[in-house]
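Biologist: I would like a close look at one part of this model. Please keep it brisk.

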Amino acid sequence: MKRSFHLIIGFAMTAAPLAHTAHAQTASEALHDLMDERIEWMKQEFPEYAMSRGDYRNADHITDSSMAANDRRAIATRSLLSRLHLIETGKLGAEDMLDYQLFDQSLSDSVEGEKFHTNLMPIDGRGGPQQDIPQMAERVRFQNADDYDNYLKRLDMVPQRIDDTIAALRKGLEEKRTPPKIILEGLPEQFNAIVKGDGLDELSKPFDHVPATVGSKRADELKQQFETRSLPAVREAMKRLADYVDNDYIPKCRQSIAATDLPDGKAYYEYQLRTMTTTNLTPQQIFDLGQSEVKRIRAEMMQCIRSTDFPQVGADGRALYANDDLLFHAFLDYLRTNPRFYCKTPEELVMRY
């Protein structure tokens, strides 16, 4: 039986029916129902994800990025994890058991991660509305008038998303949960390209070649709506965010680059290590492993360098470099500067690829 996304929170409040439902199914059926439900929930909560999978039922919405929505999703995830733990794992086959373990780990990581409030850091030099919004016309369908209507509706929701982003940034400042200031240095330039430059030009691309199925009159109406209402509202919202980030947010962000300087920073760092490596190694063990791997790889690189035609001995037979470190850096400089390692024509570049 497929369970509706809308019932997720309700299941968290009614334990008895859950137990009855779980026993009415085989363990395998219960597991697959929960996994299917999670996919359906994700499509509902994240319309962009749904569209990437060809599901356009909610194409007139964008992801709700408010703090209330984040809290709602956290409740739903905790509820689903509790229901997953009702499944009698002893009755699962080997393949289902692997699915169960991966699903359990994914949900458990999500639940544990909520206490670190990373949603209060929704922007940095590599991600955020300044990159997502200019790409809203990419990888989505434009086949009929409904697709264009939905696109404009999504654009009309951008100002609210910007306001939600600013609210999260403010809350993050209050709680001292911010990215390091140094990684935000490029943000003003990114925003300038959007507010003052051509950073939003891609949003107009769908109107360059409107399919005949839309009709010329409707196409003109849609384009006019985009140019007179949707685009100006998006640009104004982005300007609002740019001003806040440049004038208020960046100046107050932390100087430290260490995750351990965040609230609950040590626990957050250890959590990130567990989720990123899927191990229970300590930070010191990870560091020691990294050092040993760098040493191993460096030794292999030196072996490779010595086997090349790069000159290491002068005409008098004496070594040109006093030690391996000097040889290593000289070779790197050679790779970066010698013309033999650069393609001269586009055709040569394609051929080498």
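Where is K176 found?

Modeller: This is a predicted model, in which local features need pLDDT of at least 70, side-chain atom pairs count only at pLDDT 80 or more, and totals for chains, interfaces and linings use all residues. Residues are numbered from 1 along each chain as its sequence is written, and side-chain values use heavy atoms, with hydrogens and water left out.

K176 sits in the loop between α9 (158–174) and α10 (187–195). Helices here are DSSP runs of H or I, at least four residues, numbered from the N terminus. The phi of K176 is positive, near 60°, and K176 is not a glycine. Most residues other than glycine have a negative phi. K176 is exposed, at 63% relative accessible area. Exposed means over 50%, buried under 20%, and partly exposed in between, with a 1.4 Å probe and protein chains only.

D264 also has a positive phi, about 55°, without being a glycine. Its place is the loop between α11 (216–252) and α12 (265–277). D264 is partly exposed, with a relative accessible area of 49%.

Now the cysteines. The structure holds 0 disulfides, a disulfide being a pair of cysteine sulfur atoms within 2.5 Å. The closest cysteine sulfur to that of C304 is in C343, 19 Å away, so the gap is too far for a bond. C343 is likewise in no disulfide. C304 is partly exposed, at 47% relative accessibility. C343 is partly exposed too, at 31%.

Technical notes. Helices (H or I, at least four residues) and strands (E, at least two) are DSSP runs, numbered from the N terminus.
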